[in-house]
Amino acid sequence: MKKILFGSLFLMSFFSKAQIDFRSSEFGLVAGGTYSRVKNAHNPSGPRFSILGGITAQVPIGVAEQFYIQAEALYFGAGEGGDKTYEKAKGWDHAVYATNYLSVPINFKAYFSEAESEFFGLIGPRFNFLIDQKVKNPAKVSYREETFGKANSFNFGLGAGIGFSYKRQLEMALKYDIGLSDAFPDLKNSPEEIATLDANVAKKKTEQVISLGVTYFFK
């Protein structure tokens, strides 16, 4: 909570001092895919592939068309799956630990120049609000959402990425987001996990997501 409050105060301070022209805001649609894993959570673990999609808006900072604040509201798939090689060797069905969010990333966006078609960089926080969770064929009973495997209803992280803009209308961006909060806080209390004496049990379970998105801005 302290981190959220600090981040909010920082953003409010930044917005109050920056020369932001809300009248020149641009709006668009976003669609793409995600590759995600969760650190220190399910064992065995592997990636999950999912989708993202939603709306975006960007507001210029200053008079040059080079720096922006970009915010999005997205359906955002994350979580992880089981290790398919390990599961196949054990004769298990493939496990899925899916978390789907309403995700709100707020990024500082900088084009490398004022050219119409140009590369750009992104960095900023991401706030995830859990829409639903789906657990299929879990490796342990405690991984089920109705026991110790329930995902946190809110988590946040920090993301950075790079992209290319074609005529400031069609853009593609590759981004990496690392979780800063515990995505599965109850797992450390699972009797099954404690019994293993695994040092990772007490550590935060953080989601890490690589995403590739395409954005179309309406002009």
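Me: Which residues lie nearest the centre of the largest cavity?

Reply: This is a predicted model. A search of the whole structure finds two cavities of 30 Å³ or more. The largest cavity has a lining of 19 residues. Those nearest its centre are Val30, Glu72, Leu122, Ala173 and Gly213.

Me: Which elements give two or more residues to the lining of the largest cavity?

Reply: The space in this cavity comes to about 220 Å³. By class, its lining has nine nonpolar, five polar and five charged residues. The elements that give two or more of the lining residues are strand E3 (67–81), strand E4 (96–111), E5, strand E7 (170–179) and strand E8 (206–217).

Me: Which residues are closest to the centre of the second largest cavity?

Reply: The second largest cavity has a volume of about 80 Å³. Its lining is made of 14 residues. Closest to the centre are Asn128, Asp177, Gly179, Glu207 and Val209.

Me: How many residues of the lining of the second largest cavity are charged?

Reply: E3, E5, E6, E7 and E8 each give two or more residues to this lining. Six of the lining residues are nonpolar and five are polar. The charged ones number three.

Me: Is serine 142 buried or exposed?

Reply: Serine 142 sits in the loop between strand E5 (118–136) and strand E6 (154–166). Leaving out residues up to four places away in sequence, serine 142 touches Thr147, Phe148, Gly149, Leu187, Ser190, Glu192 and Glu193. The cut-off for buried is under 20% relative accessible area. Serine 142 has 4% relative accessibility, so serine 142 counts as buried.

Terms used. Residues are numbered from 1 along each chain as its sequence is written. This is a predicted model: local features need pLDDT of at least 70, side-chain atom pairs count only at pLDDT 80 or more; totals for chains, interfaces and linings use all residues. Side-chain values use heavy atoms; hydrogens and water are left out. Helices (H or I, at least four residues) and strands (E, at least two) are DSSP runs, numbered from the N terminus. Buried means under 20% relative accessible area, exposed over 50%, partly exposed in between (1.4 Å probe, protein chains only). Contact means heavy atoms within 4.5 Å. On a 1 Å grid over the protein atoms alone, a cavity is a set of points where a 1.4 Å probe fits but cannot get out, and a pocket is an open set with protein on both sides within 12 Å along at least five of seven lines; lining residues have an atom within 4 Å of a point. Grid points are joined across faces, edges and corners, and a volume is the space filled by probe spheres set on the points. Ala, Val, Leu, Ile, Met, Phe, Trp, Tyr, Cys and Pro count as nonpolar, Asp, Glu, Lys and Arg as charged, and the others, Gly among them, as polar.
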